[in-house]
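Subject: Handover of a structure

Dear colleague,

Please find below the structure that I am handing over to you. My notes on what was found in it follow directly after.

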Amino acid sequence: MRNLLNFLLRYSAWMVAAIYVVISVLLLVSENAYQRHAWLTSANGVSAWVYGGVSKVTSYFNLKANNEDLMTRNALLEDEIVQLKQQLRDIKLQMYGDSMKVTPAFDGYSYVMANVINNSVSRPKNYLTLDRGSADGIAPGMGIVDQNGIVGVVSVVGRHSARAISLLNPDFRLSCKVKGTDFFGSLVWEGGDPAIAVLEELPRHVRLHRGDTIVTTGYSSVFPEGIIVGTIVGDHGANNNFVAIDIRLTTDFNRVGMVRVIRDANKAERDSIEQDIEKTE
Amino acid sequence: MTRDVLKYTLMFVLMVLLQAVIFNHVAIFNVACAFVFIYFIIRMPMSLNPIVALTLSFFLGLSVDIFSDTAGMNSLACTLLCACRWPAFALCVQRDDEQELPDPSLRGLGWGAFFKYALALTVTYSALICVIQAFSFADYKLLLVRIGASALLTFLIILGFASITHTDSAKRL
């Protein structure tokens with residue numbers, strides 16, 4: 001016993017070394033055992049605190065590279081967004097074309113779907129730009145409608161784009177009538193509120209009521225008959241023979257997006273006949 | 001005595017932090033790593049009780065292990081290194097038996113002896129840790145390169161430390 005104690009005392013340092021070696025080896029080989037002790041990994045509070053403080057400083061060193069990465073990534077994402085938007089628009093165009101309610105008024109007319117890519121409502125004379133042009137079968141003089149009503153008429157056509165005169169432009173006069181009657185007048189926008197236009201040259205004897213619907217006459221080949229334009233909201237004034245009334249337009253010009261451009265298959269024929277009549281007169 | 005305890009405690013903490021924060025991220029050509037914290041083991045007084053020295057070494061290794069998620073590796077290597085201190089010291093330092101054990105520092109040993117002593121321990125540690133990390137001698141060429149490169153890098157940095165503290169002490173004197 002005494003010998004054992006002496007032995008232990010004499011070689012105590014070696015014993016301690018052996019114990020530490022055994023502990024280390026145990027830690028080394030039993031991966032699972034040490035993973036149970038979070039404090040033996042860098043996940044413990046002290047090292048997390050140290051590393052947190054260090055990264056507060058060192059993170060600045062990578063800012064430039066990080067920025068570049070982010071910019072690159074950003075550019076990629078922006079590209080993707082543009083592409084997705086384009087796809088979305090194409091799909092919408094298809095769906096919209098398939099599902100949009102076609103009024104009987106459109107019989108005999110065909111149409112081209114288009115997106116409004118530029119629009120104004122606040123200028124004295126407003127114009128629209130469409131993303132379809134002569135390549136898509138658009139020609140000057142074609143009418144433009146959206147799901148709510150009249151939008152404008154095409155004036156200048158490029159290969160893949162077209163400029164249109166908005167209904168909100170005093171140069172554009174539209175022949176309209178009170179729905180259910182045959183009394184017609186001329187609709188014009190006089191500036192100001194983009195929701196209100198004036199229907200002029202109505203005969204005095206017509207009985208009109210607030211809320212009556214105003215539709216196109218179909219006297220020109222630009223728009224078919226019966227497309228809704230707006231509703232009567234009030235008097236605008238009168239002279240000897242005619243009255244003028246304020247019309248609230250059904251088209252929301254602030255939100256014109258997808259439109260259809262109306263093609264009249266018989267336009268050429270009709271125009272030439274009307275010109276012949278004018279000549280003979 | 002108290003001053004020494006404070007000094008070595010500070011050195012312990014400083015070495016672990018330096019290793020965790022800076023030198024763990026150093027890997028030149030992916031072979032040369034710096035195990036700078038063993039400077040503490042090199043500098044522990046030779047007169048220190050072996051059990052205390054072994055304990056300190058073990059916990060030094062364990063601390064570094066905790067920071068670098070290498071449970072057991074550095075603690076094993078540090079314990080073994082600590083055991084190698086006395087033979088290395090005896091081999092490198094010529095002394096008379098009556099003399100008090102000199103401090104294993106640049107000032108206590110002088111350039112020549114300290115150079116040999118530190119180099120011996122550094123090479124020993126590099127060999128230990130690299131073998132433990134690799135856990136095999138299969139790719140012995142790469143292992144040798146790693147041991148050599150790591151030992152050289154560690155030794156250079158440790159010499160730097162030693163000379164800094166050396167001039168500091170000289171000024172104070």
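Leaving aside its neighbours within four places in sequence, B:Ser75 is in contact with A:Ser24, B:Phe58, B:Gly61, B:Leu62 and B:Asp65, where contact means heavy atoms within 4.5 Å. B:Ser75 belongs to helix 4 (residues 73–92) of chain B; helices (H or I, at least four residues) and strands (E, at least two) are DSSP runs, numbered from the N terminus. The residue counts as buried because its relative accessibility is 0%; buried means under 20% relative accessible area, exposed over 50%, and partly exposed in between (1.4 Å probe, protein chains only). Its side chain reaches the backbone oxygen of B:Gly72 at 3.1 Å.

Please note that this is a predicted model, in which local features need pLDDT of at least 70 and side-chain atom pairs count only at pLDDT 80 or more, while totals for chains, interfaces and linings use all residues. Residues are numbered from 1 along each chain as its sequence is written, chains are lettered from A and ligands numbered from 1 in the order in which they are written, and side-chain values use heavy atoms, with hydrogens and water left out.

I turn next to the interface between the two chains. Chain B contributes 25 residues to the contact and chain A contributes 23 residues. The area buried between them is about 1,900 Å², and carbon and sulfur atoms give 78% of this; buried area is the accessible area (1.4 Å probe) that two parts lose on being put together, summed over both. B:Ile66, B:Phe67 and B:Ala71 supply 29% of the area that chain B buries against chain A, more than any other three residues. Between chain B and chain A there are 0 salt bridges, a salt bridge being a side-chain nitrogen of Lys or Arg within 4 Å of a carboxyl oxygen of Asp or Glu. The count of residue pairs in polar contact between chain B and chain A is 3 (both at pLDDT 80 or more); a polar contact is a pair of N or O atoms within 3.5 Å, where within protein one must be able to donate a hydrogen and the other to accept it, and residues adjacent in sequence count only if both atoms are side-chain atoms. On the side of chain B that touches chain A, the elements giving two or more residues are helix 1 (2–21), helix 3 (50–68) and helix 4 of chain B. Helix 3 of chain B provides the largest share of that side, 10 residues.

In chain A, a closed barrel of 6 strands runs 6-7-8-11-10-9, with antiparallel pairing; two strands pair if DSSP finds at least two bridges between them. Strand 7 (residues 184–188) and strand 8 (residues 196–203) of chain A run antiparallel and are joined by 3 bridges. A:Glu200 in strand 8 of chain A is the bridge partner of A:Ser186.

A:Glu200 also forms a salt bridge with A:Arg173, with the closest N and O atoms 2.5 Å apart. A:Arg173 lies in the loop between strand 5 and strand 6 of chain A and A:Glu200 in strand 8, so the pair ties together parts that are 27 residues apart in sequence. A:Arg173 meets A:Glu201 in a salt bridge as well (3.9 Å, N to O).

Yours sincerely
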